[in-house]
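Work through the exercises below with the model open beside you. Try each task before reading its solution.

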Amino acid sequence: MSMRTLPLLLALSLGTAALAAEPTPEAILRAYDATMGPPTFEAENELTSVREDGSSRTYVMRFLKRDLDKFRVWFREPASVKGQEILRLGENVWVYLPNLKRANRVANRDAFQGGDFNNADVLRVNYAADYAGTLVPSELPDTYCVQLKARHADTAYDAVTLFVRKKDLQPVRARYFASSGKLLRSAEFSDVKEFAPGYSRPAKVVMRNELLPARSSTLVLRRIDLSADAPPQRFTQADLGR
Amino acid sequence: MSRVRALALLLAGLAFSAAAGPKVEATGYLDGRFSFTRSRTWGLLPTDDQPQVQGLLELNTQVKVSVREHSFGYSDVSLVANRPGAYRGWRDGQDVALPDHPTAAALPVVSLNEVYWSHEFVPALHLLVGKKRITWGAGVAFNPTDLLNPRRDPTDPTFQRAGAWLAQLEVPLENVTFSLMAAPTVLAQGSGIPTQMIRWPSWDKRDSEDHYQLAARAYALVAEADLNLMVFYGNRSVDALPHALRVGVSASRYFFVDQELHVEALFQQGSARAYPRAGCVQSLRQAAGCVSAGGSLFETRALSDEAIVPRVLVGTRRQFLDDSLVSLEYLYQADGWTRGDYQAYADGLTLLKQARDLGLPGVPLAFAPVQQDGLPVRFAFEPRGQHYLFASWQKPRIRDDFTLQLVVVASLLDLSTLVTPSFAWSATEWLTLTAYGFVPLPGPAGLAVTAADGTKVSEFGSAPFAGRGMLEAKLFF
């Protein structure tokens, strides 16, 4: 063994040991954020809300994200909401209503287009900053389980239990709780696809309303572009309605 | 549906026929309204031209034609057909039916709500030219700093879509935006299309002034709050004030997660508000004397005042976990009518009634706001007094598709109110059915002013209708 190969072997062995060890909760949350909310992207999503009577409503939206805290949504369908837009900038959320011809501020906890997702579920994928995580034994095979506690009041939920696959840290399931410990919602992540070279994520998220079990919302990612042009001006109130 | 969409695309083609190969997006709605109004024929305001039954059909198309990603033309046009009837009036002490007759309510309306070209040179420089509804202030039911646009209906702010002719240059930066706006005053128009702007022509020279409004706005997002500083300069544009400099401010922020607070204020020197002349409305003889002497029954007594006149709106909105929303807004206008002005108003209304009873031609007491542009509103509101309260409660998603709403507009001078309950059903993704009620309530008699004939007169209690119900079907395409 030459002196040149020794450091390489040492590094490899240390790396293998690191891979074999359980990741930290922080690393899991960072992986979740990178998967579900890459730094910049443009995407088209379809949201289908199933109501208590079994009927459903489907919305088609275009998303644009920049950095951790800049998010735009344009509603494309159905006709009754076409032209509506949402802007998130930092802790602020505005909704542009084409009939009103202006934007109104709304709270982070509002339901996203009347479905079972909150605004923050969709517009605020920043678990590493918003929650403190603790790794706990998982009830699902081949998964890690992280229990999250909100770091501040602007999060959608006070506590979250997140399950991710051991092999690639892709999210599998999540449960969302109120401060009382009451289960509010649960999510199933499925259909993991490679949308871009080296970038895979679940294409489908089903959010169930645990307070009204007959209700659920399904968010399907149709396409995503990680190299989209997203200048900061797209994330200003002045740009809403244009 | 396909016919409506075809018509929308046809309108798009007409509006932007010059554009070859652009991307065209069209949307809109067909809105049918049927209303029944009980005319208050026994009141002081005339009801002869107010239909008790009215059917209204509005076809709205919104067309966006993009020639490239951030350069587009946009039009928002409504065609409105009316079918009014069942007029009633007061004759010889009796509530009587009147024959159907041509009135403004019966005329079809073409409302050019917006038509503009928007071009982004670079992300931080943007130009807009045309007719556009731009509102900078944070108020919901009312905006003191909104000088240019046709007034909203405070019982449903989405009901007025029309804007103003203007050119705007905007510099949006990450947390700051600067806007410069120039708006020529439309002196004469038809269906929202101006026929005379800025200066009266030599063959109809009503004055020799230039009428315009200029505005500059700086917006900043500071400490999670929307802050606006606005400066307006105009000459006999939005009112009769000459060379008027006005300053506006606005702020909006969420506190305690769900509690929104906002304030919006406009400051100007003097006021062009018209006040009834108490010395001209005590008798028909006195009124005739004022008019024959070349005067008016109104005076703009504060036109050249040097005092700063504030108009301030303070409001809060709270969204609850069940999605219900409560909004409260208080409006103060330093130049609003006082109790003495309302007394003169009541005296004027009494004269008007006396003149009608005597068969005299209409006394020029146009107290009701005159709408020059925009869509016909359900409730025309021009705040004349000093203190108003706008309150609304909305509960959406009742059994998913139903929304219950209650809006109250109150004059705090006499506590008279207009109460507007509504119940909406989103029957499908493209059809919404809504039932509305409009009930003016007079408030305590002790707070009302007393007309010469002993009638108690309050702001909303003297409305020309006792109540109104409306059914609306709105079909989106």
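This is a predicted model: local features need pLDDT of at least 70, side-chain atom pairs count only at pLDDT 80 or more; totals for chains, interfaces and linings use all residues.

Residues are numbered from 1 along each chain as its sequence is written, while chains are lettered from A and ligands numbered from 1 in the order in which they are written.

**Exercise 1.** Describe chain A in outline.

*Solution.* Start with secondary structure, where helices (H or I, at least four residues) and strands (E, at least two) are DSSP runs numbered from the N terminus. Chain A has 4 helices and 13 strands. Next, take burial. A residue is buried if 20 or more other C-beta atoms, placed from the backbone, lie within 10 Å of its own. Of the 242 residues in chain A, 40% are buried.

**Exercise 2.** How many residues does each chain bring to the contact between A and B?

*Solution.* Two residues are in contact if their C-beta atoms, placed from the backbone, lie within 7 Å. Chain A brings 32 residues and chain B brings 29. On the chain A side, β5 (92-97) and β6 (102-106) each supply at least two residues. The most come from β6(A), with 3 residues. Now sort the chain A side by type: 12 residues are nonpolar (Ala, Val, Leu, Ile, Met, Phe, Trp, Tyr, Cys and Pro), 12 are charged (Asp, Glu, Lys and Arg), and 8 are polar (the others, Gly among them).

**Exercise 3.** Which residues touch the most other members of the largest nonpolar core?

*Solution.* A nonpolar core is a set of buried Ala, Val, Leu, Ile, Met, Phe, Trp, Tyr and Cys residues joined through C-beta atoms within 7 Å. The largest has 43 residues, and A:Val160, A:Leu162 and A:Val164 touch the most other members. Follow A:Leu162. Leaving out residues up to four places away in sequence, A:Leu162 touches A:Tyr32, A:Val146, A:Leu148, A:Pro171 and A:Ala174. Another core, of 21 residues, lies apart from the largest one and includes B:Tyr275 and B:Leu413.

**Exercise 4.** Which strands of chain B pair with β12(B)?

*Solution.* Two strands pair if DSSP finds at least two bridges between them. β11 (residues 212-222) pairs with β12(B) in the antiparallel sense over 11 bridges. The two form a hairpin with 2 residues between them, and B:Ala223 in the turn has a positive phi of about 50 degrees. On to β13 (residues 244-255): 10 bridges join this strand to β12(B), again antiparallel. There, B:Val231 has B:Val247 as its bridge partner.

Note on methods: A residue is buried if 20 or more other C-beta atoms lie within 10 Å of its own, exposed if 12 or fewer, and partly exposed in between; C-beta atoms are placed from the backbone.
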